[in-house]
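Subject: Structure handover

Hi,

Here is the structure I promised to pass on. Please open it before reading my notes below.

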Amino acid sequence: MIEGQDLKIVFAGPMGAGKTTAIRAISEIDPVSTDMFNHDREQSDKETTTVALDYGQLTLEGDRILRLYGTPGQGRFSFMWDIVGAGALGVILLLDASRPDLGGDAAEFLDAFGAMDPSPQIVIGVSRLPADADQALQLIYREVENRSAMVPVLTADIRTREAVVMLIDTLLSLIEGSQPELVS
Amino acid sequence: MSKAIRENPRMIGLAAKIVEHFTQNTPGVQAVVLTTNDGFEVASARLEKSKAGKLAALGSSLQAVSEAISRESGLKSVSNVFIETENGTVILARVAGVTGGMTLAMVASQSAVLGHLVWAARNCCTALTRVFQS
């Protein structure tokens, strides 16, 4: 169990991967949202898009607060990834397997968040897998292996609270393992 | 940027003229960008392309955070955001009545008179509203 302090984790990933949805599924408070009308329907056919950050909260055992931050997905807001990611112990990287360049998405976000100092622990949650899921997953495994990263890759329907809890539990276990001084 | 705006060069051209006129005729204004609320540059003045794009994205993020603070505080929609520094000011002004929302972001020198800037920006935004509502 991680003791003693509030924790900050970040939900990152490309546009439409489900970051805002995931935080909404798990937050105990009404999440703070900065969704604006989406003019770029070619990139993603969503009515709105996050342009700054999402914020939610979850209370852990011992009344510690898990602070949940979501980043914008589009590259023109990449300056927000550093700002929102500062001080995060972990990142849940949500990937959408229906996007045209799944490997490219994985690479972009693994590099962006892996370059932070100190590097946060990362867990990948993949949704919208096709019938031949293995081929899609291989694209992600390749990017993880190319970076010699220890990053679990899990399939998750992030519209459900259970899936988001599973991703968070996995990330907290990684954080616990990497920072034993936090363990009771 | 939405197809409606992108495929209407007349609208964009008019907006660019209004932004240019505001920049030329408001003492102390150093740079201006008109941005959609999801961070696309519509028009700009005295900024090279990449800088305009960056300021558009930054401005839209700041506008969105300001709207969130306002909502959480029980206040109404944001009219202006001011960033005061030692050597100048950044102001965001809302362009009302445009589908999806637009913001006028300007950088002004220390010598600019704040009240005059706000008044001139308000007039500029009113003119822009007329363009995009037509």
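Is A:Asp45 buried or exposed? A:Asp45 counts as exposed, at 64% relative accessibility. Its partner in a salt bridge is A:Arg41, with the closest N and O atoms 3.0 Å apart. A:Arg41 is partly exposed, and its relative accessible area is 37%. Please keep in mind that this is a predicted model.

**Where the chains meet**

Chain A brings 17 residues to the contact and chain B brings 22 residues. About 1,500 Å² is buried between chain A and chain B, and carbon and sulfur atoms give 65% of that area. On the chain A side, the residues that lose the most area to chain B are A:Met36, A:His39 and A:Arg76. Together they make up 43% of what that side buries.

There is one salt bridge between chain A and chain B. A:Arg76 forms it with B:Asp38, the closest N and O atoms being 3.9 Å apart. B:Asp38 sits in the loop between strand 1 (29–36) and strand 2 (41–45) of chain B. A:Arg76 sits in the loop between strand 5 (65–70) and helix 2 of chain A.

Strand 2 (35–37) and helix 2 (79–85) of chain A each give two or more residues to the side that touches chain B. By class, that side of chain A has nine nonpolar, five polar and three charged residues.

**Salt bridges within chain A**

Over all chains, the count comes to nine salt bridges. One of them joins A:Asp96 and A:Arg128, at 2.7 Å from N to O. A:Asp96 lies in strand 6 (residues 90–96), and A:Arg128 lies in the loop between strand 7 (121–127) and helix 4 (133–146), so the pair ties together parts that are 32 residues apart in sequence. A:Asp96 counts as buried, at 5% relative accessibility. Elsewhere, A:Asp111, A:Glu143 and A:Arg147 are joined into one network by salt bridges that share partners.

**A helix in chain B**

Helix 3 of chain B covers residues 49–72, which is 24 residues. From its first C-alpha to its last it reaches 35 Å, close to the 34 Å expected at 1.5 Å a residue. Its buried residues include B:Ala52, B:Gly59, B:Gln63 and B:Glu67. B:Gly74 follows the helix, with a positive phi near 75°.

Best wishes

Notes: Residues are numbered from 1 along each chain as its sequence is written. Chains are lettered from A and ligands numbered from 1 in the order in which they are written. This is a predicted model: local features need pLDDT of at least 70, side-chain atom pairs count only at pLDDT 80 or more; totals for chains, interfaces and linings use all residues. Side-chain values use heavy atoms; hydrogens and water are left out. Contact means heavy atoms within 4.5 Å. Buried area is the accessible area (1.4 Å probe) that two parts lose on being put together, summed over both. A salt bridge is a side-chain nitrogen of Lys or Arg within 4 Å of a carboxyl oxygen of Asp or Glu. Helices (H or I, at least four residues) and strands (E, at least two) are DSSP runs, numbered from the N terminus. Ala, Val, Leu, Ile, Met, Phe, Trp, Tyr, Cys and Pro count as nonpolar, Asp, Glu, Lys and Arg as charged, and the others, Gly among them, as polar. The expected span of a helix is 1.5 Å times one less than its number of residues. Buried means under 20% relative accessible area, exposed over 50%, partly exposed in between (1.4 Å probe, protein chains only).
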